Amino acid sequence: MQSWSDTALPSVPGQGPPLRLYDTADRQVRPVTPGKKATMYVCGITPYDATHLGHAATYLTFDLVNRIWRDAGHDVHYVQNVTDVDDPLFERANRDGEDWIVLGMRETALFREDMEALRVLPPKDYIGAVESVNEVVELVEKFVASGAAYIVDDAEFPDVYFRADATEQFGYESGYDRATMEKFFAERGGDPDRVGKRNPLDALVWRAERPGEPSWPSPFGPGRPGWHIECAAIALNRIGSGFDVQGGGSDLIFPHHEFSAAHAESATGDRRFARHYVHTGMIGLDGEKMSKSRGNLVFVSKLRGEGVDPAAIRLGLLSGHYRQDRAWTDQVLEDAQSRLKVWREAAALGSAPSATDTVARLRQHLADDLDTPKALDALDGWARRAIEGGGSDAQAPGEFADAVDALLGISLSGDKTRKMVGDSGWI
(Lines give C-alpha, C1' and ligand atoms only; values in the text may rest on other atoms or scores of the structure.)
Protein backbone atom coordinates (compact mmCIF):
# COMPACT_ATOMS: atom_id res chain seq x y z
CA MET A 1 0.00 0.00 0.00
CA GLN A 2 1.25 3.47 -0.85
CA SER A 3 2.45 5.62 2.03
CA TRP A 4 2.73 9.43 1.90
CA SER A 5 5.58 11.79 1.04
CA ASP A 6 8.54 12.07 3.36
CA THR A 7 9.74 15.32 4.89
CA ALA A 8 13.40 16.32 4.90
CA LEU A 9 14.65 17.00 8.44
CA PRO A 10 17.10 19.82 9.16
CA SER A 11 20.35 18.86 10.85
CA VAL A 12 20.50 20.27 14.37
CA PRO A 13 23.92 20.64 16.07
CA GLY A 14 24.48 18.66 19.26
CA GLN A 15 22.78 15.59 20.64
CA GLY A 16 20.17 14.96 23.28
CA PRO A 17 20.01 12.41 26.10
CA PRO A 18 18.70 8.89 25.43
CA LEU A 19 14.94 8.58 25.08
CA ARG A 20 12.94 7.29 28.06
CA LEU A 21 9.29 6.26 27.70
CA TYR A 22 6.59 4.88 29.94
CA ASP A 23 6.20 1.17 29.33
CA THR A 24 2.66 -0.09 29.83
CA ALA A 25 3.79 -3.64 30.55
CA ASP A 26 6.41 -2.63 33.12
CA ARG A 27 4.32 0.21 34.58
CA GLN A 28 7.25 2.61 34.67
CA VAL A 29 9.27 5.08 32.62
CA ARG A 30 12.44 3.39 31.44
CA PRO A 31 15.09 3.85 28.72
CA VAL A 32 14.39 2.89 25.12
CA THR A 33 17.59 1.29 23.86
CA PRO A 34 17.52 0.65 20.11
CA GLY A 35 20.56 -0.39 18.17
CA LYS A 36 21.75 1.38 15.04
CA LYS A 37 18.37 0.56 13.53
CA ALA A 38 15.37 1.55 15.64
CA THR A 39 12.14 -0.36 15.00
CA MET A 40 8.56 0.66 15.69
CA TYR A 41 5.10 -0.66 14.91
CA VAL A 42 2.05 1.58 15.36
CA CYS A 43 -1.49 0.35 14.77
CA GLY A 44 -3.21 2.18 11.94
CA ILE A 45 -6.75 3.19 11.11
CA THR A 46 -9.83 1.26 10.10
CA PRO A 47 -10.70 3.42 7.08
CA TYR A 48 -14.45 3.83 7.42
CA ASP A 49 -14.32 7.55 8.27
CA ALA A 50 -12.01 10.54 8.23
CA THR A 51 -9.05 11.08 10.55
CA HIS A 52 -10.19 12.64 13.83
CA LEU A 53 -8.06 14.40 16.43
CA GLY A 54 -7.74 11.26 18.55
CA HIS A 55 -6.09 9.50 15.63
CA ALA A 56 -3.91 12.50 14.95
CA ALA A 57 -2.72 12.76 18.56
CA THR A 58 -1.61 9.13 18.49
CA TYR A 59 0.35 9.43 15.25
CA LEU A 60 1.93 12.72 16.36
CA THR A 61 3.16 11.01 19.52
CA PHE A 62 5.00 8.31 17.62
CA ASP A 63 6.17 10.84 15.07
CA LEU A 64 8.03 12.49 17.94
CA VAL A 65 9.65 9.15 18.78
CA ASN A 66 10.65 8.78 15.13
CA ARG A 67 12.13 12.29 15.06
CA ILE A 68 14.03 11.84 18.33
CA TRP A 69 15.55 8.62 17.03
CA ARG A 70 16.54 10.25 13.76
CA ASP A 71 18.02 13.20 15.63
CA ALA A 72 20.13 10.70 17.59
CA GLY A 73 21.42 9.16 14.37
CA HIS A 74 19.29 5.99 14.23
CA ASP A 75 18.03 4.46 11.01
CA VAL A 76 14.31 4.06 11.75
CA HIS A 77 12.19 1.20 10.41
CA TYR A 78 8.63 2.27 11.10
CA VAL A 79 5.70 0.00 10.21
CA GLN A 80 2.00 0.87 10.23
CA ASN A 81 -1.02 -1.16 9.15
CA VAL A 82 -4.42 -0.30 7.72
CA THR A 83 -7.31 -2.48 8.88
CA ASP A 84 -9.06 -2.40 5.53
CA VAL A 85 -11.04 -5.58 6.24
CA ASP A 86 -13.24 -5.20 9.33
CA ASP A 87 -16.84 -4.99 10.49
CA PRO A 88 -17.04 -1.18 10.91
CA LEU A 89 -15.93 -0.73 7.30
CA PHE A 90 -18.55 -3.16 6.00
CA GLU A 91 -21.26 -1.65 8.20
CA ARG A 92 -20.56 1.88 6.96
CA ALA A 93 -20.42 0.73 3.34
CA ASN A 94 -23.75 -1.10 3.69
CA ARG A 95 -25.35 1.88 5.42
CA ASP A 96 -24.31 4.23 2.63
CA GLY A 97 -24.86 1.79 -0.24
CA GLU A 98 -21.21 1.93 -1.19
CA ASP A 99 -18.59 -0.63 -2.15
CA TRP A 100 -16.43 -1.33 0.93
CA ILE A 101 -13.27 -1.33 -1.20
CA VAL A 102 -14.02 2.11 -2.60
CA LEU A 103 -14.87 3.47 0.86
CA GLY A 104 -11.66 2.08 2.34
CA MET A 105 -9.50 3.44 -0.47
CA ARG A 106 -11.06 6.89 -0.24
CA GLU A 107 -10.69 7.22 3.52
CA THR A 108 -7.15 5.85 3.42
CA ALA A 109 -6.26 8.45 0.78
CA LEU A 110 -7.72 11.19 3.00
CA PHE A 111 -5.76 9.85 5.96
CA ARG A 112 -2.55 10.09 3.94
CA GLU A 113 -3.39 13.68 3.04
CA ASP A 114 -4.01 14.51 6.71
CA MET A 115 -0.73 12.90 7.81
CA GLU A 116 1.22 14.72 5.13
CA ALA A 117 -0.40 18.03 6.06
CA LEU A 118 0.48 17.43 9.73
CA ARG A 119 4.07 16.62 8.63
CA VAL A 120 4.02 13.15 10.16
CA LEU A 121 6.99 11.18 8.88
CA PRO A 122 5.68 8.25 6.81
CA PRO A 123 6.20 4.60 7.73
CA LYS A 124 8.69 2.61 5.71
CA ASP A 125 6.09 -0.16 5.41
CA TYR A 126 2.42 0.79 5.15
CA ILE A 127 0.50 -2.47 4.91
CA GLY A 128 -3.19 -3.19 4.50
CA ALA A 129 -4.91 -6.19 6.02
CA VAL A 130 -5.93 -7.26 2.52
CA GLU A 131 -2.26 -7.42 1.56
CA SER A 132 -1.40 -9.58 4.55
CA VAL A 133 -4.10 -12.27 4.30
CA ASN A 134 -1.63 -14.96 3.20
CA GLU A 135 0.62 -14.08 6.14
CA VAL A 136 -2.31 -14.41 8.52
CA VAL A 137 -3.25 -17.80 7.06
CA GLU A 138 0.29 -19.06 7.67
CA LEU A 139 0.14 -17.97 11.32
CA VAL A 140 -3.27 -19.53 11.89
CA GLU A 141 -2.00 -22.78 10.41
CA LYS A 142 0.80 -22.77 12.99
CA PHE A 143 -1.64 -22.10 15.81
CA VAL A 144 -3.98 -24.89 14.84
CA ALA A 145 -1.08 -27.33 14.39
CA SER A 146 0.37 -26.47 17.81
CA GLY A 147 -2.96 -26.47 19.62
CA ALA A 148 -2.79 -22.71 20.31
CA ALA A 149 -5.96 -22.30 18.24
CA TYR A 150 -9.00 -24.44 17.50
CA ILE A 151 -11.91 -24.54 15.08
CA VAL A 152 -15.30 -24.21 16.73
CA ASP A 153 -17.77 -27.01 16.24
CA ASP A 154 -20.13 -25.11 13.98
CA ALA A 155 -21.04 -26.63 10.64
CA GLU A 156 -22.25 -23.32 9.24
CA PHE A 157 -19.50 -20.96 10.49
CA PRO A 158 -16.37 -22.90 11.58
CA ASP A 159 -14.47 -19.91 12.95
CA VAL A 160 -10.94 -20.33 14.31
CA TYR A 161 -10.13 -19.06 17.81
CA PHE A 162 -6.83 -18.47 19.58
CA ARG A 163 -6.68 -19.75 23.14
CA ALA A 164 -6.15 -17.01 25.71
CA ASP A 165 -4.06 -19.47 27.74
CA ALA A 166 -1.83 -20.43 24.79
CA THR A 167 1.07 -18.49 26.30
CA GLU A 168 2.06 -18.57 29.97
CA GLN A 169 2.67 -14.83 30.05
CA PHE A 170 -0.75 -13.78 28.71
CA GLY A 171 -1.87 -10.65 30.54
CA TYR A 172 1.57 -9.16 31.17
CA GLU A 173 1.17 -6.35 28.65
CA SER A 174 -2.02 -4.85 30.11
CA GLY A 175 -1.67 -6.05 33.70
CA TYR A 176 -5.46 -6.24 33.92
CA ASP A 177 -7.31 -8.69 36.13
CA ARG A 178 -9.82 -11.13 34.69
CA ALA A 179 -12.85 -8.95 35.37
CA THR A 180 -11.30 -5.97 33.58
CA MET A 181 -10.27 -8.14 30.65
CA GLU A 182 -13.78 -9.48 30.27
CA LYS A 183 -15.25 -5.98 30.42
CA PHE A 184 -12.96 -4.55 27.76
CA PHE A 185 -13.12 -7.66 25.60
CA ALA A 186 -16.90 -7.31 25.34
CA GLU A 187 -16.70 -3.55 24.71
CA ARG A 188 -13.83 -3.56 22.22
CA GLY A 189 -14.67 -5.99 19.46
CA GLY A 190 -14.61 -9.29 21.34
CA ASP A 191 -17.33 -11.93 21.26
CA PRO A 192 -17.38 -13.53 24.72
CA ASP A 193 -20.77 -15.17 24.19
CA ARG A 194 -19.91 -16.94 20.91
CA VAL A 195 -21.28 -20.48 21.16
CA GLY A 196 -18.56 -23.10 20.80
CA LYS A 197 -15.73 -21.12 22.34
CA ARG A 198 -13.79 -22.86 25.10
CA ASN A 199 -13.05 -19.62 26.98
CA PRO A 200 -14.99 -16.34 26.72
CA LEU A 201 -11.66 -14.51 26.20
CA ASP A 202 -10.48 -16.65 23.29
CA ALA A 203 -9.86 -14.35 20.32
CA LEU A 204 -11.01 -14.78 16.75
CA VAL A 205 -8.14 -15.31 14.30
CA TRP A 206 -10.07 -16.51 11.24
CA ARG A 207 -13.71 -15.65 10.60
CA ALA A 208 -15.48 -18.17 8.37
CA GLU A 209 -17.21 -16.74 5.33
CA ARG A 210 -20.59 -15.09 5.92
CA PRO A 211 -23.09 -14.06 3.25
CA GLY A 212 -22.26 -10.65 1.82
CA GLU A 213 -18.75 -10.52 3.31
CA PRO A 214 -15.47 -10.78 1.40
CA SER A 215 -13.47 -13.95 1.88
CA TRP A 216 -10.19 -15.59 0.97
CA PRO A 217 -9.29 -19.29 0.68
CA SER A 218 -7.55 -21.07 3.55
CA PRO A 219 -6.97 -24.63 4.80
CA PHE A 220 -9.79 -24.03 7.32
CA GLY A 221 -12.23 -22.87 4.66
CA PRO A 222 -12.93 -19.48 3.07
CA GLY A 223 -13.00 -16.49 5.41
CA ARG A 224 -11.09 -13.43 6.55
CA PRO A 225 -8.60 -12.48 9.25
CA GLY A 226 -9.45 -11.54 12.81
CA TRP A 227 -8.28 -8.15 14.03
CA HIS A 228 -5.37 -8.83 16.39
CA ILE A 229 -3.61 -11.40 14.25
CA GLU A 230 -3.34 -8.93 11.39
CA CYS A 231 -0.91 -6.76 13.36
CA ALA A 232 1.06 -9.74 14.64
CA ALA A 233 1.58 -11.04 11.12
CA ILE A 234 2.50 -7.69 9.61
CA ALA A 235 4.98 -6.82 12.37
CA LEU A 236 6.63 -10.25 12.46
CA ASN A 237 7.18 -10.22 8.70
CA ARG A 238 8.56 -6.65 8.57
CA ILE A 239 10.57 -6.03 11.74
CA GLY A 240 10.42 -9.36 13.55
CA SER A 241 9.94 -10.14 17.22
CA GLY A 242 11.60 -8.01 19.88
CA PHE A 243 11.24 -4.70 18.09
CA ASP A 244 11.73 -1.49 20.05
CA VAL A 245 8.29 0.15 20.35
CA GLN A 246 4.72 -1.05 19.89
CA GLY A 247 2.42 1.96 19.87
CA GLY A 248 -1.24 2.94 19.83
CA GLY A 249 -4.01 4.54 21.82
CA SER A 250 -4.78 3.45 25.37
CA ASP A 251 -7.98 1.80 24.12
CA LEU A 252 -5.77 -0.74 22.32
CA ILE A 253 -4.02 -1.99 25.45
CA PHE A 254 -6.62 -4.74 25.78
CA PRO A 255 -7.60 -6.77 23.93
CA HIS A 256 -5.78 -5.67 20.78
CA HIS A 257 -2.20 -5.30 21.93
CA GLU A 258 -2.45 -8.08 24.50
CA PHE A 259 -3.58 -10.53 21.85
CA SER A 260 -1.33 -9.35 19.04
CA ALA A 261 1.59 -9.91 21.44
CA ALA A 262 0.26 -13.32 22.47
CA HIS A 263 -0.21 -14.35 18.84
CA ALA A 264 3.36 -13.42 17.95
CA GLU A 265 4.82 -14.98 21.10
CA SER A 266 2.95 -18.21 20.48
CA ALA A 267 4.34 -18.37 16.94
CA THR A 268 7.95 -17.54 17.84
CA GLY A 269 8.32 -18.89 21.36
CA ASP A 270 9.67 -15.51 22.49
CA ARG A 271 8.60 -14.15 25.86
CA ARG A 272 8.00 -10.59 24.69
CA PHE A 273 6.73 -9.32 21.35
CA ALA A 274 7.90 -5.71 21.77
CA ARG A 275 10.58 -4.32 24.05
CA HIS A 276 8.43 -1.29 24.90
CA TYR A 277 4.63 -0.91 24.85
CA VAL A 278 3.62 2.75 24.61
CA HIS A 279 0.07 4.10 24.69
CA THR A 280 -1.46 7.52 24.25
CA GLY A 281 -4.33 9.13 26.12
CA MET A 282 -7.73 9.93 24.63
CA ILE A 283 -8.78 13.28 23.18
CA GLY A 284 -12.12 14.70 24.30
CA LEU A 285 -14.18 17.64 23.08
CA ASP A 286 -15.26 20.31 25.54
CA GLY A 287 -15.13 17.94 28.49
CA GLU A 288 -16.76 14.92 26.84
CA LYS A 289 -15.18 11.81 25.39
CA MET A 290 -14.87 12.17 21.63
CA SER A 291 -16.66 9.26 19.97
CA LYS A 292 -18.65 8.27 16.91
CA SER A 293 -21.74 7.51 18.98
CA ARG A 294 -21.76 10.99 20.53
CA GLY A 295 -21.35 12.62 17.15
CA ASN A 296 -18.68 14.95 18.50
CA LEU A 297 -15.64 13.91 16.49
CA VAL A 298 -13.40 16.71 15.25
CA PHE A 299 -11.87 15.77 11.90
CA VAL A 300 -8.46 16.96 10.76
CA SER A 301 -9.71 17.36 7.19
CA LYS A 302 -12.60 19.55 8.35
CA LEU A 303 -10.26 21.85 10.25
CA ARG A 304 -7.97 22.00 7.24
CA GLY A 305 -10.94 22.76 5.00
CA GLU A 306 -11.84 25.65 7.30
CA GLY A 307 -8.36 27.10 6.70
CA VAL A 308 -6.78 26.10 10.03
CA ASP A 309 -3.01 25.87 9.69
CA PRO A 310 -2.01 22.21 10.22
CA ALA A 311 0.95 23.45 12.26
CA ALA A 312 -1.52 24.95 14.76
CA ILE A 313 -3.43 21.66 14.94
CA ARG A 314 -0.16 19.90 15.63
CA LEU A 315 0.86 22.42 18.29
CA GLY A 316 -2.53 22.21 19.97
CA LEU A 317 -2.31 18.43 20.26
CA LEU A 318 1.27 18.61 21.54
CA SER A 319 0.37 21.13 24.24
CA GLY A 320 -0.75 18.31 26.55
CA HIS A 321 1.24 15.27 27.65
CA TYR A 322 0.71 12.31 25.35
CA ARG A 323 -0.29 9.89 28.14
CA GLN A 324 -3.02 12.14 29.54
CA ASP A 325 -6.65 12.07 28.51
CA ARG A 326 -7.20 15.67 27.50
CA ALA A 327 -9.71 17.97 25.86
CA TRP A 328 -9.69 19.75 22.54
CA THR A 329 -11.40 23.12 22.85
CA ASP A 330 -11.57 26.38 20.93
CA GLN A 331 -9.17 27.78 23.52
CA VAL A 332 -6.61 25.03 22.85
CA LEU A 333 -6.64 25.93 19.17
CA GLU A 334 -6.51 29.68 19.83
CA ASP A 335 -3.55 29.23 22.16
CA ALA A 336 -1.78 27.11 19.56
CA GLN A 337 -2.36 29.71 16.86
CA SER A 338 -1.03 32.47 19.12
CA ARG A 339 2.02 30.38 20.05
CA LEU A 340 2.72 29.63 16.40
CA LYS A 341 2.52 33.30 15.50
CA VAL A 342 5.02 34.24 18.23
CA TRP A 343 7.43 31.47 17.26
CA ARG A 344 7.32 32.47 13.60
CA GLU A 345 7.92 36.09 14.50
CA ALA A 346 10.96 35.11 16.58
CA ALA A 347 12.30 32.81 13.87
CA ALA A 348 12.10 35.63 11.32
CA LEU A 349 14.32 38.00 13.33
CA GLY A 350 17.71 38.98 11.96
CA SER A 351 19.40 38.11 15.25
CA ALA A 352 18.43 36.91 18.71
CA PRO A 353 19.85 35.52 21.96
CA SER A 354 21.76 32.26 21.62
CA ALA A 355 19.41 29.31 21.12
CA THR A 356 21.92 26.64 22.15
CA ASP A 357 20.62 26.19 25.69
CA THR A 358 17.00 26.26 24.53
CA VAL A 359 17.62 23.54 21.94
CA ALA A 360 19.34 21.46 24.63
CA ARG A 361 16.33 21.89 26.94
CA LEU A 362 13.98 20.96 24.10
CA ARG A 363 15.87 17.72 23.58
CA GLN A 364 16.02 17.04 27.31
CA HIS A 365 12.28 17.46 27.83
CA LEU A 366 11.35 15.37 24.80
CA ALA A 367 13.73 12.60 25.89
CA ASP A 368 11.97 12.55 29.28
CA ASP A 369 8.87 10.58 28.26
CA LEU A 370 7.97 13.13 25.55
CA ASP A 371 7.30 15.97 27.97
CA THR A 372 5.94 18.34 25.35
CA PRO A 373 4.38 20.84 27.81
CA LYS A 374 7.81 21.61 29.27
CA ALA A 375 9.39 21.57 25.82
CA LEU A 376 6.90 24.13 24.52
CA ASP A 377 7.40 26.30 27.61
CA ALA A 378 11.16 26.37 26.98
CA LEU A 379 10.61 27.45 23.40
CA ASP A 380 8.08 30.09 24.48
CA GLY A 381 10.64 31.59 26.83
CA TRP A 382 13.28 31.94 24.12
CA ALA A 383 10.80 33.39 21.62
CA ARG A 384 9.62 36.04 24.10
CA ARG A 385 13.18 37.02 24.99
CA ALA A 386 14.11 37.25 21.33
CA ILE A 387 11.15 39.47 20.44
CA GLU A 388 11.24 41.68 23.54
CA GLY A 389 14.97 41.99 24.17
CA GLY A 390 16.67 41.12 20.93
CA GLY A 391 20.14 39.59 20.77
CA SER A 392 23.34 39.57 18.78
CA ASP A 393 23.45 35.97 17.53
CA ALA A 394 22.57 36.01 13.84
CA GLN A 395 22.46 32.20 13.70
CA ALA A 396 20.04 31.78 16.61
CA PRO A 397 16.70 32.31 14.80
CA GLY A 398 17.63 29.70 12.20
CA GLU A 399 18.84 27.25 14.85
CA PHE A 400 15.60 27.72 16.76
CA ALA A 401 13.51 27.13 13.62
CA ASP A 402 15.53 24.08 12.60
CA ALA A 403 15.16 22.47 16.03
CA VAL A 404 11.40 23.10 16.09
CA ASP A 405 11.13 21.64 12.60
CA ALA A 406 13.33 18.58 13.16
CA LEU A 407 12.13 17.61 16.63
CA LEU A 408 8.54 18.87 16.82
CA GLY A 409 7.63 18.71 13.14
CA ILE A 410 6.50 22.33 12.95
CA SER A 411 7.65 24.57 10.14
CA LEU A 412 8.14 28.17 11.19
CA SER A 413 8.46 29.39 7.61
CA GLY A 414 4.71 28.97 7.10
CA ASP A 415 2.93 26.30 5.08
CA LYS A 416 3.24 27.41 1.46
CA THR A 417 2.44 24.03 -0.09
CA ARG A 418 -0.81 23.12 1.61
CA LYS A 419 -3.12 21.07 -0.59
CA MET A 420 -6.83 21.60 -0.78
CA VAL A 421 -8.63 18.86 1.10
CA GLY A 422 -9.39 15.96 -1.24
CA ASP A 423 -8.04 17.80 -4.25
CA SER A 424 -4.81 18.11 -6.19
CA GLY A 425 -4.99 21.87 -6.50
CA TRP A 426 -3.00 24.31 -4.39
CA ILE A 427 -3.99 27.04 -2.01
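**Exercise 1. In which order do the 4 strands of the open sheet with antiparallel pairing lie?**

*Solution.* The model is predicted: local features require pLDDT of at least 70, side-chain atom pairs count only at pLDDT 80 or more, and totals for chains, interfaces and linings use all residues. Residues are numbered from 1 along each chain as its sequence is written, and side-chain values use heavy atoms, with hydrogens and water left out.

Step 1. Strands (E, at least two residues) and helices (H or I, at least four) are DSSP runs, numbered from the N terminus. Two strands pair if DSSP finds at least two bridges between them.

Step 2. The order of the 4 strands is β6-β7-β8-β9, and their pairing is antiparallel. β6 and β9 are the edge strands, each of which pairs on one side only. From one strand to the next, the twist averages 20°. Axes here are lines fitted to C-alpha atoms, for helices over the stretch in contact, and angles run from 0 to 180 degrees between N-to-C directions.

Step 3. β6 and β7 run antiparallel and are joined by 3 bridges. Within this pairing, Tyr-150 has Tyr-161 of β7 as its bridge partner.

Step 4. Helix α7 packs on the sheet and touches β7 and β8, its direction making about 90° with that of β7.

**Exercise 2. Describe helix α4 and its surroundings.**

*Solution.* Step 1. The 14 residues of α4 reach 20 Å from the first C-alpha to the last, close to the 20 Å expected at 1.5 Å a residue; the expected span is 1.5 Å times one less than the number of residues.

Step 1. The buried residues of α4 are to be identified next. Buried means under 20% relative accessible area, exposed over 50%, and partly exposed in between (1.4 Å probe, protein chains only). Val-133, Glu-135, Val-136, Val-137, Leu-139, Val-140 and Phe-143 of α4 are buried.

Step 2. These buried residues pack against β6 (149-151), β7, β8 (203-208), β9 (223-225), α6 (227-238) and α7 (253-268); contact means heavy atoms within 4.5 Å. The helix lies across β6, β7, β8 and β9, at about 115° to β8.

Step 3. After α4 comes Gly-147, with a positive phi near 90°.

**Exercise 3. Which parts of the chain does the aromatic pair of Phe-143 and Phe-162 tie together?**

*Solution.* Step 1. Rings of Phe, Tyr and Trp (its six-membered ring) pair if their centres lie within 6.5 Å; planes under 30 degrees apart count as stacked, over 60 as edge-to-face and the rest as tilted. The structure holds 18 aromatic pairs.

Step 1. One of them joins Phe-90 and Trp-100 edge-to-face, at 5.3 Å centre to centre and 85° between the planes. Phe-90 belongs to helix α2 (residues 87-96) and Trp-100 to helix α3 (residues 100-117), so this pair ties together parts 10 residues apart in sequence. Phe-90 is buried, at a relative accessible area of 8%.

Step 2. Phe-143 and Phe-162 are also edge-to-face, with 5.1 Å centre to centre and 65° between the planes. Because Phe-143 lies in helix α4 (residues 133-146) and Phe-162 in strand β7 (residues 160-162), the pair ties together parts 19 residues apart in sequence. Phe-143 is buried at 1% relative accessibility, and Phe-162 is buried at 0%.

Step 3. One aromatic cluster is formed by Phe-143, Phe-162, Phe-170, Tyr-176, Phe-184, Phe-185, Phe-254 and Phe-259.

Step 4. A charge sits over a ring if NZ of Lys or CZ of Arg is within 6 Å of the ring centre and within 35 degrees of the ring normal. Arg-188 lies over the face of Phe-184, 3.8 Å from the ring centre. The charged end of Arg-198 sits over the ring of Tyr-150, 4.1 Å from its centre.
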